Every structure is written in C-alpha cells, then in structure tokens.
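Subject: Structure handover

Hello,

Here is the structure I said I would pass on. Please open it next to this email and follow along.

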Amino acid sequence: MKAQPASVPSPHQSVWAATVERPMFSPLQENVRTDVCVIGAGIAGLTTAYELIQAGKNVVVLDDGPLAGGMTELTTAHLTCAIDDRYCAIERWHGQEGARLTAQSHSAAIDRIEEIAKNEAIDCDFQRVDGYLFLPSRLDDDMLRQEMEAAHRAGLTDVVRVDRAPFESFESGPALRFPRQGQFHPLKYLLGVTGAIMRDGGRIYCNTHADTIQGGDAAKVTAGDFAVHCDAIVVATNTPINDLLVIHTKQSGYMTYVIGAKIPPGHVERALYWDTENPYHYVRVQTVRKNGEEYELLIVGGEDHKSGQAEDTGERHQRLETWARARFTAMGKIEFTWPEMCGRQRTGWRSSGATPWIKTMCLS
Ligand SMILES: Cc1cc2nc3c(=O)[nH]c(=O)nc-3n(C[C@H](O)[C@H](O)[C@H](O)COP(=O)(O)OP(=O)(O)OC[C@H]3O[C@@H](n4cnc5c(N)ncnc54)[C@H](O)[C@@H]3O)c2cc1C
C-alpha cells in the first residue's frame with residue numbers, strides 16, 4: 001500500500017478528499033481464497049470488513065476505484081437519527097415498529113462509529129453535537145409538532161421543540177432539537193478503519209471491478225482474469241450490482257450539491273442543521289487543517305434533483321451560496337464546491353414510494 005498525496009484540490013473536490021493522503025492499493029492479480037468477499041470500499045464495505053475481521057473472519061475487499069472514492073468521499077458526514085424522510089412518513093409506511101427500528105439502528109450506527117474511533121484511536125474529528133430541524137416559514141409549526149410526536153413514538157423521547165435554532169446571524173423560528181447526533185471527517189475515520197483491517201490480516205484490492213457474482217457452495221466473485229473464491233459475498237456498492245430489478249425499481253438516483261465557505265470562529269454554533277424546504281438545506285461546521293492553515297468551514301448542502309433532470313451545477317452552487325450568505329452574514333470565501341456533474345456521475349440513491357432513504361450512513 002502506497003500513500004497517495006492529497007493532490008492539488010480540483011475545483012470540485014470535497015473538503016475530505018482535499019485534506020487526507022489516501023493509501024493506494026494494487027488491483028487483484030491472482031486468484032485468492034477467503035471467508036468473505038466484500039465488494040465496495042465505501043463506508044459500508046469497509047465497516048463490514050472491519051466488523052467481520054473483528055468476528056474472526058478472513059476478508060477480501062474489492063473496489064473498482066480508489067479507497068472510499070464513491071459517494072463516501074462526497075458526503076457531508078452528518079451522523080444523525082433524524083431521518084430525511086421524517087418519522088411521520090416512516091411510521092405511515094412501516095408502522096410504529098418500523099419507525100422504532102429506524103431510530104434504534106441510526107442511533108446505534110452513531111454509537112458504533114464513536115466506539116470504533118475510540119477503540120482504534122482514530123483522530124477523525126468525531127464530535128457529538130445536537131441536530132436542529134427548522135422551518136423555512138413559521139406557518140408549518142404543526143408539522144414540527146407532528147414530527148416530534150412521531151419521533152417520541154419511535155423511542156426518541158429526548159427530541160424537544162425549541163423556540164429557535166442557535167443561529168446568531170438569523171432568526172430561524174421554532175425548531176426540533178435532536179440531542180447526541182454526531183459529525184466527523186469521514187475519510188480520516190475510514191483511513192483508521194482501513195489501517196485496522198490491514199493490521200488484522202484483511203486484504204484490499206482497488207481498481208478491481210467485480211464482473212460476476214456467484215453465490216452458493218462454490219461462491220466466487222470474478223474480476224477480469226482473476227477470482228475471489230469465498231464462503232460468502234457482501235455487496236456494498238451503494239446500490240446493488242447483483243440485483244438489478246428488485247431494489248433498482250424502487251430507487252431513484254438523486255444529485256445533491258455542496259459548498260464550503262470560510263467563517264470566523266464561532267460564527268455558527270457547532271451542530272447539524274436541516275430545514276424542511278423541498279429540496280431541503282443541510283448545514284454543519286468543520287475545522288479544516290491544510291497547508292499549515294487552520295480555519296472553520298461552513299458546509300451547506302441542498303438543491304437536490306433527480307439524476308438526469310438538470311445539468312446546471314454552477315447555478316445550483318450559486319443558489320446555495322445566495323441562500324447561505326443571506327443567513328450567515330460573516331460567511332467568507334467559498335473554498336470548496338462539490339460534486340461535479342461531468343465524468344462518472346455519482347449520485348445519492350433514494351427509494352421511491354414506501355421504502356426508506358438509502359442515502360444514509362446507517363450501517364445496521
Ligand atoms: C453530497 C452528499 C452529501 C451527503 N451527506 C450525507 C450526510 O450528511 N449523512 C449521511 O448519512 N449520508 C450522506 N450522504 C449519503 C452518504 O454519503 C452515502 O449514503 C454513503 O457514503 C454510501 O456509502 P456506501 O459505502 O454505501 O457507498 P459508496 O461510498 O458509493 O461505496 C460503494 C463503492 O462500491 C464500489 N463499486 C461499485 N460497483 C463496483 C463493482 N462492480 N466492483 C467493485 N467495486 C464497485 C464503488 O467504487 C464505491 O467505492 C451524502 C451523499 C452526498 C452525495
């Protein structure tokens with residue numbers, strides 16, 4: 001494994017990609033045997049590999065790009081149990097038990113990331129913060145009440161209504177506060193997880209495209225001229241590559257856009273923020289350390305649309321900037337905008353109809 005220096009930032013590189021040196025792994029160049037083959041080295045695949053190795057399994061990870069070079073490097077890394085689709089909707093679609101499971105699994109995923117970061121001493125800026133769901137206008141206050149009640153029924157009894165989110169520079173109006181959410185630097189975290197996987201005998205092959213997947217007694221994954229023979233296969237490719245019907249027909253790919261701008265320290269209190277506009281905005285703060293400089297970055301996302309239905313990336317970044325400058329008055333220079341629209345299009349996937357978002361970091 002060789003270190004790949006953090007390159008000169010491309011205009012559309014995420015803050016995460018611009019601030020780590022990512023290890024490079026060779027492609028698969030021989031037939032290998034293992035207990036479990038994990039396809040995909042994003043947060044889902046690397047976490048699965050880590051957990052399996054902790055459980056005593058031999059693991060091989062394949063990815064057709066670089067380590068964590070899929071959607072994971074584009075995330076804004078809000079670690080939250082405040083589901084984008086809202087507990088009211090989850091309850092309607094999946095009943096109270098489904099909503100409880102959703103709340104429990106998302107909370108457990110945050111706890112597990114915190115635990116792994118602590119156990120493996122991973123310096124990944126993990127921090128517990130509150131999350132605030134606020135309204136674009138005060139007119140929908142009833143929506144907050146209904147969502148709070150649904151969150152309580154789902155077991156999140158510490159969600160409370162507050163008169164405003166803790167913004168100094170603008171009055172948000174009423175909000176729901178979700179305590180003990182989390183935020184981190186996802187690539188620093190995954191480099192730590194990767195180090196633990198390698199330390200404990202895992203094998204990772206990058207630039208290795210899984211061509212075929214065969215389950216059963218003679219399970220194997222083929223990649224070019226070589227194969228991984230195994231007892232079990234985990235497909236962690238974000239949207240499945242082995243089943244092109246059942247899940248794909250329930251999903252839609254969405255594009256979402258992000259800007260990162262310098263702010264003076266303390267201008268925005270550290271927390272996760274989401275409004276209820278359609279499409280909604282999502283906001284958080286990250287300390288950036290780069291080229292000997294340290295500053296606070298305000299990360300603002302939104303402007304989602306179904307993939308293929310718009311190509312006005314620049315205008316969408318511009319609209320995010322306008323939205324943010326109207327509210328965060330001390331916001332300075334834009335340092336990052338991502339993702340870009342050209343090349344291999346990377347989207348968030350969400351399901352349509354009565355199934356929950358897949359655009360989530362919940363790993364359970
Ligand atoms: C701008 C943006 C902001 C977001 N913000 C948040 C947020 O704040 N909180 C949150 O929870 N979620 C957020 N998300 C969603 C979150 O980033 C994703 O849900 C998560 O990163 C998905 O991880 P993954 O491991 O499932 O997929 P990926 O990171 O996409 O990993 C899948 C991997 O599989 C590999 N692969 C695919 N096909 C093959 C093949 N045939 N052979 C070999 N390898 C293959 C890919 O190269 C890729 O590396 C955001 C997403 C975006 C785009």
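**The strands around E18**

Strands E17 and E18 run antiparallel and are joined by nine bridges. Strands (E, at least two residues) and helices (H or I, at least four residues) are DSSP runs, numbered from the N terminus, and two strands pair if DSSP finds at least two bridges between them. This is a predicted model, in which local features need pLDDT of at least 70 and side-chain atom pairs count only at pLDDT 80 or more, while totals for chains, interfaces and linings use all residues. Residues are numbered from 1 along each chain as its sequence is written, and side-chain values use heavy atoms, with hydrogens and water left out.

Within this pairing, Gln286 has Leu297 in E18 as its bridge partner. E17 and E18 form a hairpin with two residues between them. Asn291, in the turn, has a positive phi of about 50 degrees.

E18 also pairs with E15, in the antiparallel sense and over nine bridges. Here Tyr257 stands opposite Gly302 in E18.

How many of the 14 residues of E18 are buried? The count is 11, so E18 is largely enclosed by the rest of the structure. Buried means under 20% relative accessible area, exposed means over 50%, and partly exposed is in between (1.4 Å probe, protein chains only).

Glu303 has a positive phi of about 65 degrees although it is not a glycine. At 12% relative accessibility, Glu303 counts as buried.

**The parallel sheet**

A separate item is an open sheet of four strands with parallel pairing, in the order E10-E5-E4-E14. Its edge strands, which each pair on one side only, are E10 (203–205) and E14 (232–235). From one strand to the next, the twist averages 15 degrees. Axes are lines fitted to C-alpha atoms, for helices over the stretch in contact, and angles run from 0 to 180 degrees between N-to-C directions.

E5 and E10 run parallel and are joined by three bridges. Val60 has Arg203 in E10 as its bridge partner. Helix H2 (residues 43–54) lies across E4 (36–39), E5, E10 and E14, and runs at about 165 degrees to E4. Contact means heavy atoms within 4.5 Å.

**Loops**

Where does Ala77 sit? Ala77 is in the loop between strand E5 (59–62) and strand E6 (78–79). Ala77 is not a glycine, yet has a positive phi of about 60 degrees. With a relative accessible area of 0%, Ala77 is buried.

- The bond from Asn278 to Pro279 is cis, with omega near 0 degrees. Pro279 is in the loop between strand E16 (272–275) and strand E17 (282–290).
- Trp338 and Pro339 are also joined by a cis peptide bond, and omega is about -10 degrees. Pro339 lies in the loop between strand E19 (334–338) and strand E20 (348–351).

Finally, Ile247 is in the loop between E14 and strand E15 (251–263). Ile247 is partly exposed, with a relative accessible area of 30%.

Regards
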